[in-house]
Amino acid sequence: MATYVLVPGAWIGGWAYAEVADLLRAEGHEVHAVTLSGLDGGGDAASIDLETHIADVVEVIGDRENVVLVGHSYAGLVITGVADRVGERLAQLVYLDSAPFENGEAMLDFTGPVPNVDGRLPYPSFEALSQDAGIDKDTYDFLSTKAVGHPYGAYAQALRISDKEPTYKRVVIACDDFRGLVATGMPRFQQFVAPAWHRVDIDTGHWPMVTAPKELAEVLHAL
């Protein structure tokens, strides 16, 4: 049985993985669904940055071994930093509709300018997310019940990592929009067709833990 550490993307907490976590636990796995600092709505957003979120996950991993570390969307940036710090404790590094970032890159380099309201990036409108991430109204409404403004500093701070060679298996779980990005031929996404990566596709939108929890749990269990 494996130990899974599930990290959510922007605006949401570990609660979004509730059904996936229950399904994995039913298979006998140990599961930790992380709520990153500030994503419970508390804390001083101005004091939270990317390094804070990396430290959050490193603390959850602790002295555990052979961890399957899963990062969704924004958390692809976080788990890249975590793997650099404690890669020897990982069995697999899983990018869930996400991709690794390079040393010196920040989330803002990928998204472009975003609003900063009292140190937080507000949860976007349905119109914005439906255009950018293919979200449907039911999923949006579910997420919006608990979604909070994301600490702006976590988007603004650049990732700092070394050039260590990975000792863990690298996995990408690609949903609808991500598969489209790979198909465009953009250089950033061509690494996922290389033998070094294990790729699994799920036919669903950008929040598979909400829209396809059974399928996602099955994919994670089978890794």
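Reply: Let's start with D84, which sits in helix α3. Helices here are DSSP runs of H or I with at least four residues, strands are runs of E with at least two, and both are numbered from the N terminus. Bear in mind that this is a predicted model, where local features need pLDDT of at least 70 and side-chain atom pairs count only at pLDDT 80 or more, while totals for chains, interfaces and linings use all residues. Numbering runs from 1 along each chain as its sequence is written, and side-chain values use heavy atoms, with hydrogens and water left out.

D84 counts as buried because its relative accessible area is 14%. The cut-offs are under 20% for buried, over 50% for exposed and partly exposed in between, with a 1.4 Å probe and protein chains only. Leaving out residues up to four places away in sequence, D84 touches R160, I161, S162 and K164. Contact means heavy atoms within 4.5 Å.

Now the helix around it. The largest nonpolar core has 72 residues, and L69, Y74 and L220 have the most contacts inside it. Helix α3, residues 75-86, gives the most to this core, with 7 residues. Such a core is a set of buried Ala, Val, Leu, Ile, Met, Phe, Trp, Tyr and Cys residues joined through side-chain atoms within 4.5 Å. For L69, contacts beyond four places in sequence are V5, V7, V57, I61, I79, V82, L90, Q92, L93 and V94.

Helix α3 also packs against α2: their axes come within 9 Å and cross at roughly 55 degrees. That angle is why α2 counts as oblique to α3. Axes are lines fitted to C-alpha atoms, for helices over the stretch in contact, and angles run from 0 to 180 degrees between N-to-C directions. Under 35 degrees is roughly parallel, over 145 roughly antiparallel, 65 to 115 roughly perpendicular, and the rest is oblique. The α2/α3 crossing is right-handed, meaning that the near helix is turned clockwise from the far one by less than a right angle, with anticlockwise being left-handed. On the α2 side, the residues that meet α3 are L50, E51, H53, I54, V57, V58 and I61, and their partners in α3 are L77, V78, G81, V82, R85 and V86.

While we're on α2 (residues 50-61), T52 belongs to that helix. T52 is partly exposed because its relative accessible area is 21%. Beyond its sequence neighbours up to four places away, T52 touches S37 and S47. Between α2 and β3 (67-72) there is a loop that holds N66. The phi of N66 is positive, near 55 degrees, though N66 is a residue other than glycine. Most residues other than glycine have a negative phi. N66 counts as exposed because its relative accessibility is 55%. W11, in the loop between β1 and α1, also has a positive phi, about 75 degrees, without being a glycine. W11 counts as buried because its relative accessibility is 10%.

The next stop is α1, residues 18-26, where V20, A21 and L24 are buried. These residues are on the same side of α1 because they cover an arc of only 100 degrees around the axis, taken from the directions from the helix axis to the C-beta atoms. The buried residues of α1 pack against β1 (3-7), β2 (30-33), α9 (208-211) and α10 (213-222). With α10, the packing angle is about 45 degrees and the axes are 9 Å apart, which makes α1 oblique to α10. This crossing is right-handed. E19, V20, L23 and L24 in α1 meet P213, K214, L216, A217, L220 and H221 in α10. After α1 comes G28, with a positive phi near 100 degrees.

I173 is buried because its relative accessibility is 0%.
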